[in-house]
Amino acid sequence: MKLDIKKFLIINLGLVIMTAGLYFFLMPSNLAVGGATGLAMVLSYLIPSIPMGVILAVINIILFITAFLVLGKEFGGLTVYSSLALSAMIALLELVVPMTHPFTDDLFINLIFGILISGVGMGIVFNQNASTGGTDIVAKIINKYLHLDIGKSLLAADFLITLFAGLVFGARLGMYALLGIVINSFVIDKMIAGFNVKINMIIISDRIDEINEFILVDVFRGTTIYHATGGYSKEDKRIINTIVSRSEYIRIRNFIKSIDEKAFVAVSYITEVEGEGFTFE
């Protein structure tokens with residue numbers, strides 16, 4: 001697998017952020033917010049003769065094999081790396097900054113900060129076609145085949161685990177954990193949507209040929225030109241429609257202003273584009 005340095009660095013940034021949310025807020029408060037760890041905690045309680053570490057290892061091995069077979073080598077390889085790196089980062093923090101108790105005694109504050117921070121990190125990792133293992137893999141499979149948003153897929157995958165955790169460890173922690181996975185699903189979806197936002201531009205101008213040439217040649221994006229008639233003026237018009245990134249939009253907008261201050265430009269934001277010139281996971 002070809003090593004993509006940029007992707008590797010972005011994944012590690014996401015893992016660092018996720019580790020901070022887990023280690024400093026969720027773990028000290030015993031908030032098992034779903035995941036393979038939460039499932040291992042429940043099974044270890046129900047089957048005390050088997051160490052939790054062994055149960056967790058078996059769960060992750062099964063899920064890793066599934067990831068390779070169903071989601072491909074790249075996703076599987078990045079997921080194995082991310083899972084190991086997350087464990088290593090947590091272990092390092094345990095040595096360097098041992099947490100004997102949470103930052104505050106307020107369970108709700110720890111939940112909110114932990115979920116928001118770790119959710120941002122998880123969103124970054126997901127956006128690079130990777131995951132941190134556990135039920136993230138199940139969520140990615142649901143997302144691939146049922147086309148459900150990744151955050152909602154993760155919510156579905158974690159719901160039963162959190163329900164079982166509540167039955168085992170008490171209703172109070174269980175309800176907090178359930179609230180946590182709901183918030184987590186929204187945070188991840190908003191993060192991924194933000195990464196994938198594209199801008200749809202509709203342009204009407206008397207210098208349409210120059211603008212079209214700039215988009216095609218300088219920005220290197222495709223365009224569609226529509227022929228229309230003004231509802232009031234009854235004049236024939238040509239309209240450019242193009243979909244671009246934020247940075248490309250700024251270039252096009254500045255160019256239009258420089259040659260035609262009277263041009264009409266309508267902008268809308270879209271979170272999913274399929275077709276030539278765009279990359280999808």
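## Basis of the model

The model is predicted: local features need pLDDT of at least 70, side-chain atom pairs count only at pLDDT 80 or more, and totals for chains, interfaces and linings use all residues. Residues are numbered from 1 along each chain as its sequence is written, and side-chain values use heavy atoms, with hydrogens and water left out.

## Salt bridges

Four salt bridges are found in a search of the whole structure; the term denotes a side-chain nitrogen of Lys or Arg within 4 Å of a carboxyl oxygen of Asp or Glu. One of them joins Arg-207 to Glu-210, with the closest N and O atoms 2.8 Å apart. Arg-207 is partly exposed at 33% relative accessibility, and Glu-210 is partly exposed at 36%. Here buried means under 20% relative accessible area, exposed over 50%, and partly exposed in between, with a 1.4 Å probe and protein chains only.

Asp-209 and Arg-238 form another salt bridge, their closest N and O atoms lying 3.1 Å apart. Asp-209 belongs to helix α9 (residues 208–219) and Arg-238 to strand β3 (residues 236–244), so this pair ties together parts that are 29 residues apart in sequence. Helices (H or I, at least four residues) and strands (E, at least two) are DSSP runs, numbered from the N terminus. Arg-238 is partly exposed, with a relative accessible area of 31%.

A salt bridge also connects Glu-248 and Arg-221, at 3.0 Å from N to O. This pair links distant parts of the chain, 27 residues apart: Glu-248 is in helix α10 (residues 246–259), and Arg-221 is in the loop between α9 and β2 (224–229). Glu-248 is buried at 14% relative accessibility, and Arg-221 is buried at 16%.

## The β2 and β3 strands

Strands β2 and β3 run antiparallel and are joined by six bridges; two strands pair if DSSP finds at least two bridges between them. Thr-224 has Asn-241 of β3 as its bridge partner. The hairpin of β2 and β3 has six residues between the strands, and Lys-234 in this hairpin takes a positive phi near 65°.

## Positive phi angles

Most residues other than glycine have a negative phi. Which value does phi of Phe-220 take? The angle is near 60°, a positive value in a residue other than glycine. Phe-220 is placed in the loop between α9 and β2 and is exposed at 70% relative accessibility.

Lys-234 is likewise not a glycine, yet its phi is positive, at about 65°. Lys-234 sits in the loop between β2 and β3 and is exposed, with 60% relative accessibility.

## Helices α1 and α5

The axes of helix α1 (residues 5–26) and helix α5 (residues 107–127) come within 7 Å and cross at roughly 165°. That makes α1 roughly antiparallel to α5, a term for angles over 145 degrees, while those under 35 count as roughly parallel, 65 to 115 as roughly perpendicular and the rest as oblique. Axes are lines fitted to C-alpha atoms, for helices over the stretch in contact, and angles run from 0 to 180 degrees between N-to-C directions.

The contact (heavy atoms within 4.5 Å) includes Ile-10, Gly-14, Met-18, Gly-21 and Phe-25 of α1, and Leu-111, Gly-114, Ser-118, Gly-121 and Val-125 of α5.
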